[in-house]
Amino acid sequence: MRTTPSSPVGLHRVLEPAGASLPQAARVLDAGPELWPDEVRIDVETLNLDAASFRQLTEKHGGDGEAVRAEVLAIVGERGKMQNPVTGSGGMLVGTVAEVGPESPLGLAVGDRVATLVSLSLTPLVVTDGLERWDGRSERVPAAGTAVLFGRSIAARLPEDLSPELALMVMDVCGAPALVARVVAEHLARGSAPTVAVLGAGKSGSLSLAAARDAGAGRRIGVVPTQAEAELLRPTGLADEVVVADARSPLGLSEAVAAAGGPADVTVVCVDVPGCEQPAVLATAQGGTIIYFSMATSFAAAALGAEGLAADVRMLVGNGYVPGHADLAVDIVRRDPAVRGLFESRLAAEG
């Protein structure tokens, strides 16, 4: 056990630039497995790369899984964490608690199987197996190694009634439905049931539609890029209207949302491609709210675009944390066969 002073937010783990930034903004972390008294060490089982990061790496290497695997190993080896240098994002992991410092406030015990609810972009990480079981072609990465949680990190014990793979997939995006539920409740408190448009019907998108429904949204519009995805979403009943539109097309998106009953009072951006910032603004009613829950978002483009369009909209950054977010997302998957089916079909496709 290390005895030098530590910080609950991990400042003591920052190697470069030393003492000048928090772990997420740092370039290099000390990922050594020896703990400070308020830390927890996790034996890693699976990494889950965030969608924007995995897409960027895949496109960079033209779908060459071996090259993607090599770059992920290089990033972790150089930085002491998994942080894509282009997107700045990382993902999350599943593992088993191996050691708990005597001053840890997280309430974890040795042997607990957990999902970390903080980004890999700030989590000290060592990979010891060379990712030999991963072909570089999916976001889910079987791995062996160690990771460290700080005093103010967040982790959730894996639910016993869900497979670890399903739990990881759900918890990876659990901040989205919780924030959507909060924003819908705020609109209801002001006396109106909002129209909610969700761009993308993948993991975060399907959970966001379900959360909007459960929170009392008036109308739900699902926007997907292809007819095939529309045919998957329509039978679930998660959206009152499902439309096919390119979320990067300003006029195309706004016209599609308007035809489905918009403009939206709440627009949720869950697609993992850049260029959706200003189209989302045009699809949103004056006085409405946009939640950017994608690491592909340029927040400068979103802010300047809204200014240039004279759009009176509130723009929220989905930061991945809302109190109770993991429990809410897992509860949706337990209760809603349609959402669970979408997640399990995605797992099967990745398998």
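Tutor: Start at Pro263. In this predicted model, Pro263 lies in the loop between helix H7 (250–259) and strand E12 (264–269).

Student: What makes the peptide bond between Gly262 and Pro263 worth a stop?

Tutor: The bond is cis, with omega at about 5 degrees. Most peptide bonds are trans. A cis bond also joins Glu16 and Pro17, where omega is about -5 degrees. Pro17 sits in the loop between strand E1 (14–16) and strand E2 (28–29).

Student: Is Leu131 buried or exposed, and how do you know?

Tutor: Buried means under 20% relative accessible area. Leu131 has 0%, so it counts as buried.

Student: And Ala310: why is that residue called exposed?

Tutor: Exposed means over 50%. Ala310 has a relative accessible area of 60%, so it is exposed. Its phi is positive too, near 50 degrees. Ala310 is in the loop between helix H9 (299–308) and strand E14 (314–317).

Student: On to helices. Why are H5 and H11 called roughly antiparallel?

Tutor: Take the angle. Helix H5 (residues 203–215) and helix H11 (residues 337–350) pack at about 175 degrees. Angles over 145 degrees count as roughly antiparallel. Therefore H5 and H11 are roughly antiparallel to each other. Their axes are 10 Å apart.

Student: Which residues meet there?

Tutor: From H5 come Lys203, Ser206, Leu207 and Ala210. From H11 come Val339, Leu342, Phe343 and Arg346. The residues of this contact divide into 5 nonpolar, 1 polar and 2 charged.

Student: Last, the sheet. What is the order of its 6 strands?

Tutor: The sheet is open, and the order is E6-E7-E3-E4-E5-E8, with antiparallel pairing.

Student: What makes strand E6 (125–127) and strand E8 (155–157) edge strands?

Tutor: Each pairs on one side only.

Student: How do you know that E5 and E8 count as a pair?

Tutor: Two strands pair if there are at least two bridges between them. Strand E5 (residues 113–116) is joined to E8 by 3 bridges, so the two strands pair. They run antiparallel.

How values were computed: Residues numbered from 1 in each chain as written. Predicted model: local features only at pLDDT ≥ 70, side-chain atom pairs only at ≥ 80, totals over all residues. Heavy atoms only, no water. Axes fitted to C-alpha atoms, helices over the stretch in contact; angles between N-to-C directions. Helix = DSSP H or I, 4+ residues; strand = E, 2+ residues; numbered from the N terminus. Parallel < 35°, antiparallel > 145°, perpendicular 65-115°, else oblique. Contact = heavy atoms within 4.5 Å. Nonpolar A, V, L, I, M, F, W, Y, C, P; charged D, E, K, R; others polar. Buried < 20%, exposed > 50% of the residue type's maximum accessible area, 1.4 Å probe, protein only.
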